[in-house]
Number of protein chains: 2
Amino acid sequence: MEKNVTALEPSAEAVPGDKDSASKQIPPAAVARMTLYLRALNSLLAEGVERVSSDALAEASGVSSSTLRKDLSYVGSYGTRGVGYEVQYLSRHIAAALGLTHDWKVAIVGAGNLGKALARYGGFESRGFDVVAILDADPMVIGNEVGWLRVSDAANLELVLQRTGTNMVVLALPAAVAQDVCDRVINAGIRSILSFAPVLLQVPPHVNLRKVDMATELQILAYHAQRAQTPGQAL
Amino acid sequence: MEKNVTALEPSAEAVPGDKDSASKQIPPAAVARMTLYLRALNSLLAEGVERVSSDALAEASGVSSSTLRKDLSYVGSYGTRGVGYEVQYLSRHIAAALGLTHDWKVAIVGAGNLGKALARYGGFESRGFDVVAILDADPMVIGNEVGWLRVSDAANLELVLQRTGTNMVVLALPAAVAQDVCDRVINAGIRSILSFAPVLLQVPPHVNLRKVDMATELQILAYHAQRAQTPGQAL
DNA sequence: CCGTGTGAAGAGGTTCACAGCG
DNA sequence: CGCTGTGAACCTCTTCACACGG
């Protein structure tokens, strides 16, 4: 799902001799899986496990061990042959490769049911993301408390983003206004956006947009369910 | 994004001579995009547009026109050469290919912030999904009104799923209990599950599981943002 | 003549199998 | 001897270019 609207500029890597550069390109599919490894590693860390083999980590992440080893090879050789990986060491290096060495400041635009749910969702802080603001345009909602925050007026969007030092924005608003707000967010200098609005958002190439749409996910499930239900209809 | 944990059994299509079958396999990536086409077509339909070219529809869906035409070729030839596609006709056929000819009954397990947000989200009904139940285990929450529904006791999970005729389940609950509930849902006969829990769920091969995780999405954004910020550090 | 539909080429991702190191 | 790291084969998806039909 998803995982699709990744803006890659092929022309950006025109320099041929950056083979030795520490930051090679990591395939998008591998980046997505890295988050799974990180999650599994942090679970192991919480359990006090110190070392793990590629087989074990792969199973805990739900991928094949060859995929895991290939993915890890993109960021470097952090294992010990014949032994495995040191959990904390590997966790640190994957986090670094993903850019999670410092916290990211996230603002949520839209304080409807979904926006509030996201703002109160505890899973962000523990993974390097600080929700620093939540905004809405509805006067009935502005000023309400949501978790530790108070809903700001979306009219002051640019000001709030600047004051809070926001560098990522989550759009949790109706389709009709999503593109307008998205444009303002981009004009305010934000280049990473996660949208829950069920519309196609137009963004310039330097902006990174990811989309999550529950209706889309259900439709994909419906396709597979329908296939399973009518296997021999054509025969 | 996502869009990844699709259970495909390669052994299931051992029959070689089903070339003429009306329901050929559609590539997973194409299925995901079909939902975009459907959304764009329904927008056009609402605007009263009757015909559309592959170029126009592709732009409205955010894909290339060659991708669009290739995708449509998986479900059949519904266009007119030199003219384009009839909007309603194509919309119907894509919906049929995705199994959206009848409504699907969805139950939401977990009536926390996210579960409530999903239950009240209007985007489901309009796209062929009926939310028929919402459940929780917390006595403080059971019986509360959420949209048109009342929160059922998760202790009666199996009974509620059966009575409502549910055929899809959305898991909106904490990681700690997700696997337990997931197992019960599967035992109750559900084979399509959409999980928002940030854990790896173990499911048998005949069950279709899709996952959505906001933290994962933000981490992927972080990776790209970090790359953009430190372009020449290695040079 | 125009836009669809499609084989063929190309790119990207996954799996395999084993070399290499501890 | 065991497990990691990786080139190579394999497979899927995307893009290209043009034949085909209205």
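These legends describe close-up views of a predicted model.

In this model, local features need pLDDT of at least 70 and side-chain atom pairs pLDDT 80 or more, while totals for chains, interfaces and linings use all residues. Residues are numbered from 1 along each chain as its sequence is written, chains are lettered from A and ligands numbered from 1 in written order, and side-chain values use heavy atoms, without hydrogens and water.

**View 1. The open sheet of chain A has 3 strands in the order 1-3-2, with antiparallel pairing.** Strands are DSSP runs of E, at least two residues long, and helices are runs of H or I of at least four, both numbered from the N terminus; two strands pair if DSSP finds at least two bridges between them. Strand 1 (51–52) and strand 2 (79–80) are the edge strands. Strand 1 pairs with strand 3 (residues 84–86) over 2 bridges, and A:Arg51 stands opposite A:Glu86 of strand 3.

**View 2. The surface near DNA strand C draws on chains A and B.** A residue is near the strand if one of its heavy atoms lies within 4 Å of it. Of the 25 residues around DNA strand C, A:Arg33, A:Thr67, B:Ser54, B:Arg69 and B:Tyr85 come nearest. Sugar and phosphate make up 59% of the DNA strand C atoms within 4 Å of the protein. Helix 3 of chain A gives the largest share of the surface, 4 residues.

**View 3. Side chains and backbone approach DNA strand C at its bases and phosphate.** A polar side-chain atom of B:Arg69 lies 2.8 Å from a base nitrogen. For A:Arg69, a side-chain N or O atom is 3.5 Å from a base nitrogen. A polar backbone atom of B:Gly79 is 2.9 Å from a phosphate oxygen.

Key
Polar contact = N/O pair within 3.5 Å; in protein donor to acceptor, adjacent residues only side chain to side chain.
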